Each structure stands twice: as C-alpha cells, then as structure tokens.
Amino acid sequence: MKRNWLAMLALLLPLIPWFVTADNFIYPRHSEYSDLTISHLPNALHLLRSLQESGQIPHWSNAILGGYPFSANPLAGLWYPPGWLAYLFPQPFGFNLTVLLHIAWGGTGMLIWLRRNGLKESAAVIGALSFLLMPKVFAHFGAGHISLIYAFAWTPWLLVAERARLNAGGWWLPAGVLGLIALADVRWLAYALMLWAGFSVWEFFSRSRVGKFRPPAGHWLLQSGGVVAGALALALTLLLPLIEYTRLSTRAWMSSAEALVYSLPFEELLGLWIPDFGGFAEWTLYPGSLVFFLTIYCLSIPDVRKKCAFWLIVLAGGILFSLGEQLPLMGTIARLPGLDLLRVPARFFFLSGLAFSVIAAYALDDLLRRETLHRPDAVFFMTPFGAFVFFLGAGIVWMGAAIAPNMLWAAAGFLITVAMVSVAQRVRRCLRWAEIVFPLILALDLSGVNLQSLTVLPPEAANRQGKAAANFLASQPGDFRVYTPSNSIPQYIAALMGIQMANGIDPLQLQTYWEFMQTASGVKDEGYSVTLPPLDGEDVRFVNREAVPEVEKLGMLAVRFVVSEFPLTVDGLNLVFQEGDTHVYENSAFVPWVRISDEANPARQAYPTYTKKAGYYDIRVSGAGLLTVADVDYPGWKVYVDGKEADKIRVANLLLGVELPPGAQRVELVFQPENLSQAALGASAAWLGWMVVALILWARRRKAQPILGGK
C-alpha cells in the first residue's frame with residue numbers, strides 16, 4: 001500500500017507547477033492563439049448565460065457565423081459530464097484544472113495498466129510519467145485543444161477495460177470508455193477504435209500461443225460488435241445531430257488534400273530525440289531522452305522486443321501515418337468513410353506517444369530484472385543518435401552560428417541517459433538507485449521541455465486584443481451583429497461582451513452561410529477553412545485588406561458595424577470609432593434583426609417588438625407580410641403563429657421567414673431539433689441499460705476478482 005501511494009505521489013508532483021499557475025492562460029511559446037479562447041471559453045459562456053437566463057441547455061447559438069446548432073457542435077462541451085467540472089470555477093482556472101485532472105487520470109490509468117501486466121512498480125511509474133508529461137499533450141494543452149486531451153486521457157483506461165473483457169467477458173467496460181471518448185472529442189474516437197480493435201485482435205490470437213484463457217471466437221466477435229454498438233449508443237446525443245450538421249457543413253466538401261493538412265514533414269522526425277521548444281503542437285514528437293533510449297534498448301533485446309511487438313507496430317504505424325501527404329497512398333486512405341472527416345494526420349502520433357510509454361516501461365522492467373550481462377549492449381545502438389546530435393552541433397559551430405538551446409538539451413539528455421543506462425547494465429548494485437534516479441531524470445527532462453515550450457499569461461494580458469472596440473460596440477443599443485475581416489474582435493472578447501459576430505472560427509460552417517458570405521464579405525474562399533472569412537497569411541490582420549464587402553448583404557444579416565485593422569473605403573460604411581489601427585464603421589445598409597416586408601412593396605418594412613433567447617423568439621406583429629429573422633435556416637426551427645405551427649420559408653436561400661396573414665398575431669420561433677430528442681431518448685436508454693448491466697455483473701464478480709480484472 002505504501003508503495004502504491006509513493007507511485008501516485010510521483011505522478012502528482014510534476015503537475016504541481018501547472019496547478020499553481022492554473023488561474024492564468026497557457027499559450028504556445030511562439031503563438032498568440034489558443035482554441036481555449038477561440039472556442040471552448042466562448043461556448044462555456046454561452047452555455048452558462050443560457051442556464052442563468054432561462055434555466056435551459058441552449059441548442060442554438062448566435063455568437064458567430066450567423067447562428068449554428070450549438071448542441072450539435074462537438075466543441076460545445078454539452079454532453080461530456082466530466083468536462084462540466086470546468087464550469088464550476090472562474091476561468092481560465094476551471095478549464096486548466098479540468099485538463100490537469102484528466103492528464104493525472106490518464107497517467108493513473110497507464111500506471112494501473114502497466115502494473116496489471118506484471119511490471120515492477122518503478123518501471124510502471126516510468127511509463128506513467130512519460131504518458132503524464134508527454135510534450136505532445138502539453139503542446140496541445142497550450143494550443144487549447146482541451147477536448148482532445150480529455151479524450152486521450154481515457155485511452156489507457158480503454159486498455160484496462162478491454163483486458164478485463166478478455167479475462168472475464170462483458171462488453172460494458174470498453175463500451176463505456178469508448179462512449180466517454182466520443183462525448184469528450186469525437187475526433188479521437190476514430191483513433192481509439194483503431195487502437196482498441198488492434199489490441200483486442202492481437203490479444204485474442206496471442207493468448208492461444210501462450211496458453212492463456214481466451215473466450216470462444218464467436219463469443220468474442222459478438223461481444224466486440226456489442227462494444228462498438230454500445231459505445232455509439234452511449235454517444236447518440238452528440239453523434240446523431242452531428243451527422244446532420246456535418247452533412248450540411250463545408251466539412252462535407254473537404255478534399256483529401258485538405259484532410260492531410262499539417263502532415264508531419266520528414267525533417268520533423270528529428271524531434272524524436274531533439275526537443276523543439278515552443279514548436280508547432282501538431283509536429284511535437286519528443287518523448288524524452290530516457291524514453292527514446294529505452295525504446296532503443298527494447299529493439300536491441302530480443303526478449304523485450306517480443307513482449308512489445310504490438311506496441312512497436314503501434315509506434316511505427318503512428319509515425320508512418322503522421323507523415324500523411326508524404327506517403328503515396330494517404331490520399332486514398334483519407335477518403336475512406338470515417339477517416340474522410342478527420343484532419344491533421346500528425347495526430348496519429350498520439351498513438352505513438354502512448355506506445356513509447358508502454359515500451360519504455362517494459363524495457364526498464366527488463367533492465368531491472370536482468371539475470372545476466374551476456375546480452376546485446378543497448379548503448380551501442382544508442383550511439384548513432386547521440387553522434388548525430390554532436391556532429392550537427394559541431395557543424396553549426398563551425399559555420400559560426402550559436403548552438404540552439406534545444407540542441408544543448410538533447411546533447412545533455414543523451415549523455416546523462418547513456419551514462420545511466422550503461423551503469424545500470426554493468427553494475428547490478430546500482431539498479432536499486434536506478435529505480436529512483438530514472439523517474440527523477442525523466443520528470444526533470446519532460447517538465448523542462450514543457451515549461452520551455454509554453455508561456456503563461458495573466459488574464460489581463462490575454463484579454464487585451466480588441467478590448468477598446470469591443471467596449472464601444474457593447475455600449476451601442478439594439479440587437480445587431482458585427483463583422484470583422486481581420487479578427488479584430490476575438491471570439492472570447494466578443495463572448496465576454498455579448499457581441500454577436502457574423503464572421504467566426506469553427507471547423508463546422510454551414511454551406512448555405514458560407515456561400516452567402518462569399519459575396520457578402522468580398523473574400524473568395526477556394527477551399528475548406530476553419531475561419532470565415534479565411535485568414536490564411538502570416539499576418540491575419542491585413543490578409544483581407546483588398547476585399548470589398550457588400551454592405552447590403554451584410555445588412556441583411558443584421559450587421560450594423562464592421563471592424564477592421566485597416567481603413568475601408570466602401571460606400572455605406574461610415575467611420576464611428578478608431579483606437580490605434582482598429583477602425584469601427586457603421587453600416588448604413590443595416591436592417592434590424594426582425595423585420596416584416598410588404599409583399600406588394602418589399603422596400604416598405606416594419607420592425608416589430610420581440611424578445612429573444614438562445615433558439616427562441618417571441619414576436620408581436622400586426623399586419624400581413626413576410627416576417628424575416630436574421631438567423632440561418634436549419635432543420636429543427638419551428639414556427640408557431642398564435643400557437644399553431646406554420647410553414648417556414650427560406651429567405652435569400654439563407655434566413656428564416658414566414659408568411660403572415662392580416663391581423664394582430666404572436667409569432668414564436670423555436671429551435672427544436674427532432675434528431676436531438678430521438679438521440680437523447682436513445683442515449684438515456686443506453687446509459688440506463690449500461691448501468692444496470694454494470695451493476696449486475698459487478699455484483700456477480702465482486703468476490704471473484706476486482707471489477708477491472710486481473711493480470
């Protein structure tokens with residue numbers, strides 16, 4: 001018991017500096033952008049405001065992009081219960097705390113997984129630490145990929161659950177973990193399913209070779225199908241609305257070349273043993289010098305290589321698929337169902353990072369248990385990598401340049417690691433000290449890389465951009481949208497101030513809105529982009545300075561103000577505020593959010609009074625005409641006139657509308673997606689069934705073995 005507590009303490013201690021700074025924003029060292037402020041915090045603010053104002057979960061949002069189905073967006077954070085912890089605290093502390101707890105949870109799962117594979121505790125700690133402090137995870141932490149980290153943290157527990165299924169039967173454990181992974185980040189579900197399927201097949205067939213118990217083949221196949229079906233059923237609340245949303249979004253148009261964006265360049269493979277301080281999160285590879293050289297140890301020792309055969313395949317496969325467009329067949333693979341909606345092949349390396357952790361643990365376990373010195377010398381196979389670092393550094397000095405800090409770090413890591421492994425191989429009495437020194441060196445190495453790759457900003461520094469213009473816009477009366485071609489008002493600032501944006505950054509953008517904005521913004525987009533309008537360039541503030549927006553079309557979207565980092569000389573845009581390079585123009589073609597036009601004279605419009613909440617309008621009108629609301633028409637919007645459902649029409653192939661007969665009327669527009677109701681019913685039944693099955697099976701087996709199985 002004491003050793004278990006010491007192992008857990010070894011996992012928690014390296015996270016203390018991050019818990020201490022959790023009330024600050026964490027950014028990549030060389031970047032001003034984070035998905036935390038772009039997506040997760042604005043979504044959290046919308047959710048909390050809706051709960052405070054109406055006591056209901058919002059299914060629609062007008063925050064960006066002319067409105068979109070909030071409950072179908074995987075970045076909304078609605079359907080993943082452990083993620084709700086973030087909403088209980090001030091931000092950014094809430095999200096940072098929740099991420100760190102997930103990282104600790106993942107490290108704990110790795111520790112348990114390795115211990116149940118029979119590894120020594122110190123070896124299991126090495127594997128857990130390398131998972132816990134993985135620089136790729138922390139690089140994505142800085143990039144704000146919060147939900148991706150949530151999902152990845154469950155991956156070791158998926159292995160624990162699948163091993164339990166193979167030992168004792170029962171689909172419920174891996175199905176539950178996969179369901180949570182899907183709800184946390186559906187993008188990681190594809191990778192998790194590949195790992196789960198490969199591991200299950202490998203374990204099933206390898207058990208017969210070593211004489212271990214394995215279930216009958218038919219039973220195993222049937223249960224495997226139950227795992228997949230159960231996981232999908234548990235995640236229905238997200239998956240069913242998301243399928244419809246994706247089909248109607250620009251994501252469905254994504255080409256194979258766009259799906260392979262940010263493929264790992266060959267030269268970035270140097271990052272396997274040379275850290276890249278503050279480098280691009282998607283291309284971060286460094287597993288730690290000790291982990292890398294323990295992997296070399298594994299490859300050089302036949303017995304260890306045999307034990308880690310599956311994980312060596314995962315390691316190699318993750319690296320290979322991370323290369324993406326560098327490989328000749330990846331374009332075809334990227335078009336396969338399920339994979340055609342994924343982007344960024346470099347995320348396959350998360351699987352390699354997991355494999356590195358397992359392999360390092362097995363290698364150290366072998367080193368600590370060795371009985372004889374007559375074995376291949378792993379240090380010999382490490383030498384080329386260290387020699388490369390030294391010769392590369394010498395070449396840089398010879399050319400008169402200074403050696404980069406990451407090169408010095410790699411050289412120091414190589415020397416220390418080789419010395420440690422060499423002594424441990426040759427002096428048996430040093431193995432006891434190695435059990436203490438190895439985890440310490442690994443923790444210092446990975447923590448140092450992570451601390452040098454990220455920067456910590458206090459909230460007042462992170463929230464500075466666009467604040468003056470946002471304050472001006474928030475002080476203006478009425479219900480309107482703002483458009484910026486230069487990201488002058490960041491989404492987090494807009495959300496804080498309650499400003500509704502016509503532009504936006506999100507992986508899912510409705511096709512009808514995208515087509516309308518091609519002319520309204522004056523920015524032509526030739527391919528898939530997560531930003532609307534596209535912000536492809538070194539300086540996003542000026543990339544669209546040549547575009548000429550159509551003020552009438554922006555006015556149809558209730559855009560009253562246009563904000564840019566450059567002057568706009570467009571008829572109908574009048575400068576009303578300027579702070580530094582930020583210009584705020586008022587749109588003379590602005591049309592109020594809700595309006596009624598006369599069919600006989602469309603130019604004559606009336607503007608009725610209304611109340612508005614997320615996904616709900618209560619409008620009081622008198623007289624006939626075409627009622628138009630500046631929200632994007634989407635399946636699920638329902639119109640009620642005097643309490644009776646009426647037919648809606650699509651105005652300008654984009655906006656919500658309804659033809660009204662003469663007389664005083666009350667019009668209600670409600671976003672009630674039927675697929676969400678069906679999904680919620682199905683998921684509720686699935687979770688209820690899952691809990692019943694789990695309780696029954698737990699009650700049957702609680703005396704026979706632990707709920708998660710044995711070794």
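**View 1. P92 lies in the loop between α3 and α4 (93-115).** The peptide bond that runs from Q91 to P92 is cis. Its omega is near 10 degrees. L65 belongs to the loop between α3 and α4 too. Phi of L65 is near 55 degrees, a positive value in a residue other than glycine. Most residues other than glycine have a negative phi, and most peptide bonds are trans. Helices (H or I, at least four residues) and strands (E, at least two) are DSSP runs numbered from the N terminus. The model is predicted: local features need pLDDT of at least 70, side-chain atom pairs count only at pLDDT 80 or more, and totals for chains, interfaces and linings use all residues. Residues are numbered from 1 along each chain as its sequence is written, and side-chain values use heavy atoms, with hydrogens and water left out.

**View 2. A cis peptide bond joins L532 and P533.** Omega here is about 0 degrees. P533 is in the loop between β6 (531-532) and α26 (551-556).

**View 3. The largest pocket has a volume of about 1,200 Å³.** A pocket is an open set of 1 Å grid points with protein on both sides within 12 Å along at least five of seven lines; lining residues have an atom within 4 Å of a point. Its lining counts 37 residues. D35, H145, Y262, F280 and V530 lie nearest the centre of the pocket. α3 gives the most, with 3 residues. By class, the pocket lining has 19 nonpolar, 10 polar and 8 charged residues (nonpolar: Ala, Val, Leu, Ile, Met, Phe, Trp, Tyr, Cys and Pro; charged: Asp, Glu, Lys and Arg; polar: the others, Gly among them).

**View 4. The largest cavity has a volume of about 180 Å³.** A cavity is a set of points where a 1.4 Å probe fits but cannot get out; a volume is the space filled by probe spheres set on the points, which are joined across faces, edges and corners. The lining of the largest cavity holds 20 residues. P74, L75, A76, G77 and Y87 are the closest to its centre. α3, α7 (146-153) and α9 (172-184) each supply at least two lining residues. α7 gives the most, with 3 residues. The cavity lining divides into 14 nonpolar, 6 polar and no charged residues. In total, the structure holds 12 cavities of 30 Å³ or more.

**View 5. Helix α5 (residues 121-132) meets helix α21 (residues 431-453).** Their axes (lines fitted to C-alpha atoms over the stretch in contact) come within 9 Å and cross at roughly 5 degrees. That makes α5 roughly parallel to α21 (an angle under 35 degrees, on a scale from 0 to 180 between N-to-C directions). From α5, the contact (heavy atoms within 4.5 Å) uses S122, V125, I126, L129 and S130. From α21 come E435, F438, P439, L442 and L446. This contact has 7 nonpolar, 2 polar and 1 charged residues.

**View 6. An open sheet is formed by 5 strands.** The strand order is β11-β10-β14-β18-β17, with antiparallel pairing (two strands pair if DSSP finds at least two bridges between them). β11 (605-606) and β17 (649-651) are the edge strands, each pairing on one side only. β17 pairs with β18 (residues 655-660) over 3 bridges, in the antiparallel sense. R650 stands opposite L656 in β18.

Definitions and conventions:
Angles under 35 degrees count as roughly parallel, over 145 as roughly antiparallel, 65 to 115 as roughly perpendicular and the rest as oblique.
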